[in-house]
Each structure stands twice: as structure tokens, then as C-alpha cells.
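This report goes through a single protein chain, from its overall make-up to individual side chains. The model is shown first.

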Amino acid sequence: MPTPSLSLRSPETPGNRRVGLVLGGGGLKGFAHIGVLRALEERGIVPHVYAGTSIGALIAAAHIGGAAVDELATRAEALRKRDLFRINHMGMLLERMRSPSIYLEEPLRALVAGAVPDVTFSELPKRLLVNTVDLDRGARVVWGLPGLEGVSVRDAIYASCALPGFFPPGRVAERMCIDGGVVDNLPVSVAANFADLLIAVDVGSSDQSRADAASSGFAGTYMRAATMMMHALQQFPLQHWHGPPMVLIRPRVDDANWLSFTDTAANIAEGYRSASRALERFESYWDQPNCVFPRRRVQIDVIRERCTGCGTCVSLAPSIMGLDASGKAFARTHIVEWSPAEGGFVHECPTAAITATNIDRRSTSVDVHTIHDPTPSGGGSGGEAADDEESSAA
């Protein structure tokens with residue numbers, strides 16, 4: 001892709017309402033971000049600042065650098081396994097356990113170079129924040145922050161995409177860095193400093209349903225573990241959000257397909273669908289800090305025959321769940337209001353005894369894999385479970 005001509009970043013204008021777009025990591029599932037960009041474009045929503053991890057950072061950088069949404073979609077759908085994943089046979093043969101990675105560095109470097117302009121952060125037309133981890137110091141480094149803008153965007157994007165063990169770490173300035181998803185897959189707290197409203201897209205932990213990861217070998221097991229880790233790391237800051245209003249979008253993309261090249265078009269379409277849904281009441285979200293949107297009324301029920309009285313739901317959500325005199329779980333509040341960040345205790349029930357129904361959408365069951373503990377945070381007591389489709393409660 002030819003490098004577009006770039007102008008220096010325009011100064012911030014006081015009084016303007018600033019939108020921050022945060023695109024999380026998630027392997028090739030992250031192509032759903034392209035559909036989100038299309039939905040934003042159709043609605044005339046222009047982000048003031050972009051932040052991303054891994055593939056989210058790559059897509060954000062390419063878009064800021066001049067790549068149109070249709071171009072991003074075409075390039076994504078044309079990508080094949082040989083373009084990115086080439087096994088490091090020599091390294092594993094000669095160095096064995098000391099080999100830096102399973103796959104070679106060069107294909108990923110070439111992919112980044114073909115999509116991202118060869119400039120520093122200070123030369124981009126808008127602020128871009130790229131989340132990485134300094135491997136030697138064990139600390140997060142967000143390139144593009146003030147004082148961290150004079151480095152190569154391409155180097156930072158490569159490092160943010162360098163999933164440990166899969167690709168070698170990347171040097172950015174004097175630091176050896178890896179994928180920022182190790183500590184924060186959805187860097188909303190950093191982006192919040194530059195925005196009056198955040199739109200955050202999580203593709204890394206969107207589907208916590210049961211999966212036969214072990215049958216996919218090392219990669220399936222590793223990615224399943226990474227998904228669970230990312231989900232756990234994200235939940236506290238989302239559940240206890242204190243910052244500008246946030247629209248949280250969690251496309252229903254399959255966690256088994258982190259490295260699949262066959263679902264690109266479907267992932268893009270799902271990103272568009274889920275973003276369109278979440279942005280329906282976008283204008284009403286302004287000036288409501290400490291809230292995660294959209295919000296939906298959810299009905300909680302317990303299937304008593306399945307409940308063993310283990311108390312897991314009570315330990316995770318004591319304000320919502322309790323145990324009755326017979327030791328069975330019950331909902332203290334039958335109808336709650338949830339955001340996509342809430343209700344995860346439903347999924348944690350070991351016997352699938354808890355169900356949640358999105359009564360605003362008249363759906364049979366909400367997507368409980370996209371929500372977490374409904375303890376009120378900031379401006380309200382919770383809010384959306386996302387989908388019309390039926391889903392398992394565990």
C-alpha cells in the first residue's frame with residue numbers, strides 16, 4: 001500500500017466533544033474492527049484519538065495513515081496463512097527451547113510495512129496510542145503518549161502484534177517489547193485521558209462459551225488460555241469504570257478462530273452489526289461519566305433443579321445473588337440493568353443453573369459471555385446484555 005502524505009497533528013480545540021476509539025487485540029478475530037469502522041463512518045462519528053493493542057493497533061494505524069475502510073476489508077479478505085505464519089524451522093532446529101519464536105519475524109514485519117506509513121507518531125494526523133509491554137522491565141509502554149512520540153509507528157505496531165512465543169519481540173527505540181495484551185488488551189484507561197467519550201471494541205474475550213480447545217493442539221490451548229487471561233484482566237476496570245462514558249462493543253466472534261483465515265468476511269460483518277446495535281442511542285451517552293453503555297434490562301432466573309448450592313454466584317455477585325434457607329441460589333433483584341461489562345457470574349455457574357434474559361429485546365437469552373458482575377458502578381446499576389440470539393447460560 002503506498003504511503004499516504006501526512007500532515008502534522010492539528011491542535012486540540014477546546015469545547016469540542018472528543019471521541020476516543022479503542023480497538024483491542026484478538027488475533028484474526030480483530031478484523032471485526034473493520035466493520036466497526038464502517039459503522040462509525042456511516043454515522044459520521046470521527047474519533048479524535050485512536051488506541052489499540054495488537055491487531056487493533058495495526059488497523060487503527062492503517063486507518064489513520066490513510067487506508068479507507070473498503071481498502072482495509074479488501075486487504076484483510078485477501079490475506080492468507082502463508083502471508084503471515086511461516087514456521088521458524090531453523091531456529092527451532094538449532095536453538096530448540098532458546099528459539100525466540102515459532103514463526104518468523106519477516107512476514108509480520110512485511111504485513112505491517114504494507115499497511116502502516118513509515119513515520120513517527122508525531123507525524124500522524126491524529127493521536128495514536130499503541131499498547132506494548134517492555135519485556136526486560138516487565139512494564140507497559142504506550143507509544144504515542146507525550147514524550148513517546150518520536151519513534152517509528154511501524155516498530156511499535158510490530159511489537160504490539162508480537163504475541164509471545166509466536167513472533168520474536170520487537171525493538172522500539174531502546175526497548176524490547178511484546179504484545180500489550182499481556183497486561184491490558186483493551187487500553188481504555190489510557191485513552192480516557194484524551195476523550196470525552198470512549199468507544200471500546202473487545203474481540204479478545206467476547207465468547208467465553210465452552211470450547212474444545214485441546215483438540216486444536218498447542219495453538220488452540222494457548223489461545224484459549226490467552227482469552228481467559230485477557231477476560232479476567234479486563235473485567236475489573238470495566239466493571240468499576242471511572243472515566244468518560246464508554247460504549248463497549250463485543251462482537252460475537254468465535255474464540256476458536258484466533259488464527260483462522262476463513263472467517264474474515266463474517267468477522268467484518270459481525271463487527272458492523274454489533275457496532276450498529278451498540279450505537280443506536282449514541283447521542284444520549286454524552287455527559288454520563290462512569291457509565292458503560294448500552295444498557296439493557298435483564299431478568300435473572302435460577303433453575304433450582306440444577307443448583308447445587310455451591311455459592312459461586314454469591315461469592316462473585318453478593319449484591320445480586322443469595323442462598324435461601326434450603327441452600328439454593330436466588331436472585332435478590334429479579335430485574336437488573338446491565339452493560340456488556342456485567343453479568344459474568346452467570347457464565348461462572350458450574351451447573352448452568354442461572355439464566356439471564358434481555359427483556360428489552362424480548363430475546364430468549366442474553367449473551368452472558370459479554371457481561372460481568374452487576375455491582376453498580378458510577379452512574380448506575382448496570383446495563384446491557386447484548387444479543388437477540390439464544391445462548392447458553394454457562
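The chain exposes about 16,200 Å², of which carbon and sulfur atoms supply 54%; accessible areas come from the Shrake-Rupley method with a 1.4 Å probe, and for residues only the protein chains shown count as cover. This is a predicted model, in which local features need pLDDT of at least 70 and side-chain atom pairs count only at pLDDT 80 or more, while totals for chains, interfaces and linings use all residues. Residues are numbered from 1 along each chain as its sequence is written, and side-chain values use heavy atoms, with hydrogens and water left out.

**Confidence and overall make-up**

Mean pLDDT (the predictor's confidence in each residue, from 0 to 100) is 82 for the chain, and 76% of its residues reach 70 or more. In residues 1–14 the pLDDT is below 50, and this stretch has 36 contacts in the model beyond near neighbours in sequence. Residues 362–394 also have pLDDT below 50, with 141 such contacts. Contact means heavy atoms within 4.5 Å. Where pLDDT is low, the predicted coordinates should not be read in detail.

The chain contains twelve helices and 14 strands, taken as DSSP runs (helices H or I, at least four residues; strands E, at least two) and numbered from the N terminus. Of the 394 residues, 56% are buried; buried means under 20% relative accessible area, exposed over 50%, and partly exposed in between (1.4 Å probe, protein chains only). Among contacts with a separation of 6 or more, 76% are between residues 24 or more positions apart.

**Nonpolar cores**

A nonpolar core is a set of buried Ala, Val, Leu, Ile, Met, Phe, Trp, Tyr and Cys residues joined through side-chain atoms within 4.5 Å. The largest one has 70 residues, and Leu-128, Ile-157, Ile-199 and Phe-282 touch the most other members. Helix H2 (residues 55–64) gives this core its largest share, eight residues. Another core, of 20 residues, lies apart from it and includes Val-22, Val-188, Ala-191 and Leu-198. Beyond four places in sequence, Ile-199 touches residues including Val-19, Leu-40, Val-247 and Phe-282.

**Aromatic rings**

Three aromatic pairs are found in the whole structure. Rings of Phe, Tyr and Trp (its six-membered ring) pair if their centres lie within 6.5 Å; planes under 30 degrees apart count as stacked, over 60 as edge-to-face and the rest as tilted. Two of the pairs are tabulated.

| Pair | Type | Centre to centre | Between planes |
|---|---|---|---|
| Phe-282 and Trp-286 | edge-to-face | 5.9 Å | 80 degrees |
| Tyr-285 and Phe-293 | stacked | 4.4 Å | 15 degrees |

Phe-282 and Trp-286 are both buried, as are Tyr-285 and Phe-293. The charged end of Arg-295 sits over the ring of Phe-293, 5.6 Å from its centre. Arg-109 lies over the face of Tyr-158, 4.0 Å from the ring centre. For such a charge, NZ of Lys or CZ of Arg must be within 6 Å of the ring centre and within 35 degrees of the ring normal.

**Backbone details**

Pro-294 lies in the loop between strand S9 (292–293) and strand S10 (296–302).

Ser-54, in the loop between strand S2 (49–53) and H2, has a positive phi near 55 degrees without being glycine. Ser-54 counts as buried because its relative accessibility is 10%. Asn-290, also not a glycine, has a positive phi of about 70 degrees and is partly exposed at 22% relative accessible area.
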